[in-house]
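Hello,

Here is the structure you asked to see. My notes on it follow below.

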Amino acid sequence: MPSAFSSILRDRQIRVPALTLVSLAFTYASTMPYQSIIGINELGLSDRSYSGLIFLAALVNVSTSLTLGIWSDGLSDRRPLVLALSVCGMLGFGMIYEFRTAAVFMFGILVLIPISNSTYSILFASIRATTNTMDRGKAAAITSTVRALFSGSWALAPGLIGLYLINSQSMTPAYGIAALASLTCFCLYLFVAKPAPAGAASPSLNIGFFSSLGRIFSPHVLVRVCLMALLLGLQRLNSVVSPLIITDAAGGTVVDVGFMAGLVAFLEMPFMLMWGALQRRFRNVHVLALGALIYCLYLILLSFASAPWQIYALVLVNACGAAAILSVPITYLQDLIADRPGLGSSLVSVNTFIANGISASIFAAGTGFTGYSGTALLAAVVGLASVGLLLFLERAPRPVPRPA
């Protein structure tokens with residue numbers, strides 16, 4: 001996709017958020033794999049306390065993303081907001097690394113880090129504000145390319161950090177690395193980003209908070225967000241159930257689990273570029289439907305796997321479908337409220353929050369009535385039904401958005 005890459009490289013208003021997202025990926029990838037180990041094993045939190053902490057942190061994250069997304073649409077320049085969010089990341093990750101106590105860990109995970117995580121949607125809102133003037137296909141290709149760069153950084157970071165921490169007695173240095181990544185985000189926006197040029201943004205200074213929420217909870221938007229969450233929930237469920245199938249029905253080991261996860265993560269990046277190229281020619285919903293069908297096929301085949309080699313044989317199908325589910329919905333969700341980049345991008349956080357709940361529900365239902373393989377098959381059925389409903393809804397005319 002040379003045209004998408006060249007657009008990113010040429011335009012500072014796209015290039016800087018894209019580079020910042022690459023750095024931001026290190027904050028996620030350096031801490032997520034070790035967060036439960038640090039909280040429970042090193043700092044002594046109970047399983048129940050940790051679960052409650054993560055749930056509350058998710059609520060803070062989605063609430064903050066919505067609030068800041070709505071507020072950012074009233075700003076002529078999102079640069080100060082990104083700087084402030086980066087400072088929250090520096091403080092949140094840095095305090096956990098420096099003090100290494102349960103109280104500081106809980107405060108960071110519950111307050112500062114969820115606020116910092118809103119940077120993700122704000123950066124995509126900044127990119128969307130710039131690409132709104134472009135051809136829809138080109139804009140979608142740019143978004144998918146940026147998401148692919150984010151995934152590439154995410155895939156690279158855990159392995160490097162794991163090598164760095166291999167002889168460490170504690171996993172908390174991972175939070176020091178995340179603090180440095182947040183510092184990098186701060187420096188990029190402080191020294192490289194420039195204030196938005198006059199006329200580049202068209203803020204609405206009279207945006208009502210509750211009227212904005214009303215647009216999210218309108219039937220047209222909410223139903224489609226839930227459908228996107230159903231599809232993302234399949235990918236979230238797979239991250240839970242596939243390791244169990246590998247080590248149970250397929251007779252593999254934890255080595256197979258780790259290698260499989262890393263391999264899929266690396267392969268997702270080129271597939272995201274492929275889906276982005278297709279978005280230049282076809283409607284987002286059709287591209288997403290195709291990717292989701294491929295992922296449903298993967299889940300069906302996964303449910304019949306009985307040996308490790310069979311799961312390795314599904315790696316390309318897995319990565320191809322997952323890449324579509326992870327990248328294409330960003331543009332789709334932004335298009336639901338196209339005139340409000342911040343509000344539209346905040347739907348990504350709402351989508352993720354609902355998807356995690358859906359994943360947990362499918363896992364509970366599947367494992368309650370059948371085994372892990374049956375749960376994968378149930379997820380495929382849910383995915384097929386979601387694709388059918390999504391295509392049906394897209395035939396209906398879209399309402400004209402009312403001014404805020």
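Is Arg-283 buried, partly exposed or exposed? Arg-283 is partly exposed, because its relative accessible area is 44% (buried means under 20%, exposed over 50%, partly exposed in between, with a 1.4 Å probe and protein chains only).

This is a predicted model, in which local features need pLDDT of at least 70 and side-chain atom pairs count only at pLDDT 80 or more, while totals for chains, interfaces and linings use all residues. Residues are numbered from 1 along each chain as its sequence is written, and side-chain values use heavy atoms, with hydrogens and water left out.

Salt bridges (a side-chain nitrogen of Lys or Arg within 4 Å of a carboxyl oxygen of Asp or Glu) come to 7.

Glu-394 forms a salt bridge with Arg-283, with the closest N and O atoms 3.5 Å apart. Glu-394 is in the segment after H17 and Arg-283 in the loop between helix H12 (254–279) and helix H13 (284–303), so this pair ties together parts 111 residues apart in sequence. Helices here are DSSP runs (H or I, at least four residues), numbered from the N terminus.

Glu-394 also meets Arg-224 in a salt bridge (3.3 Å, N to O). Arg-224 lies in helix H11 (residues 219–247), so that pair ties together parts 170 residues apart in sequence. Glu-394 is buried at 10% relative accessible area, and Arg-224 is buried at 5%.

Another salt bridge joins Asp-339 and Arg-215 (2.9 Å, N to O). Asp-339 is partly exposed at 46%, whereas Arg-215 is buried at 14%.

Asp-73, Arg-78 and Arg-340 are linked in a salt-bridge network.

Regards

Terms used. Helix = DSSP H or I, 4+ residues; strand = E, 2+ residues; numbered from the N terminus.
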